[in-house]
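Subject: Structure for your review

Dear colleague,

Please find below the structure that I am handing over to you. My notes on what was found in it follow.

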Amino acid sequence: MPFPENTPTPDDLPSLSAAEIAALPVELLAILQCEIDERLKRDKAAKTRFDAGLAVRYASRAAEERQAAGKDTGTVRFDDGDFTVVADLPKRVDWDQAQLGDVVERIRASGDDPAQYVDIAIKVPERKYSAWPDGIRASFESARTVRVGALKVTLKAQGADE
């Protein structure tokens, strides 16, 4: 179905209200959704490639600056022409959960409070909760709160491959 020339494009959407967008024909909504998804994929690929180029250009210099500052991670700043390059190498720390559990038990056994040293969180995967017998599930019911996420709507032409 051809649309008039004044049909909104993805570039026009920020200036439209949600109600105006909702009032568009479903065929146009489907086209816009597809165009936006394609733009996001293209832009994500461009961002990935661009970031890789910046890393090729600046990773060695940033590593030298970080070493000169006596640090393995974090932010360093240096100049490239009239620009200041801010290169951040974040620290990512992973903890072995089994070993942490052992340490927490040792702290508790010594009479100390492990909460003074570590954050303790108990999680119940929904998949496991759903598989429990009713009696066990009932014990946990008062500790469980269900929240919903954001609605996601995908438009697909009828008969199109899923």
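Helix α2 has a kink of about 50 degrees, centred on Tyr58; the bend at a residue is the angle between axes fitted to the seven residues ending there and the seven starting there. Please note that this is a predicted model, in which local features need pLDDT of at least 70, side-chain atom pairs count only at pLDDT 80 or more, and totals for chains, interfaces and linings use all residues. Residues are numbered from 1 along each chain as its sequence is written, and side-chain values use heavy atoms, with hydrogens and water left out.

The helix α2 covers residues 26–68, 43 residues in number, and spans 59 Å from its first C-alpha to its last, close to the 63 Å expected at 1.5 Å a residue (1.5 Å times one less than the number of residues). Helices (H or I, at least four residues) and strands (E, at least two) are DSSP runs, numbered from the N terminus.

Tyr58 is also among the buried residues of α2, together with Leu28, Leu32, Ala62 and Arg66; buried means under 20% relative accessible area, exposed over 50% and partly exposed in between (1.4 Å probe, protein chains only). These buried residues pack against β1 and β2. Just after α2, Gly70 adopts a positive phi of about 75 degrees.

Strands β1 (residues 74–80) and β2 (residues 83–89) pair in the antiparallel sense over seven bridges, where pairing requires at least two DSSP bridges between the strands. The two strands form a hairpin with two residues between them, and Gly81 in the turn has a positive phi of about 65 degrees.

Yours sincerely

Conventions: Contact means heavy atoms within 4.5 Å.
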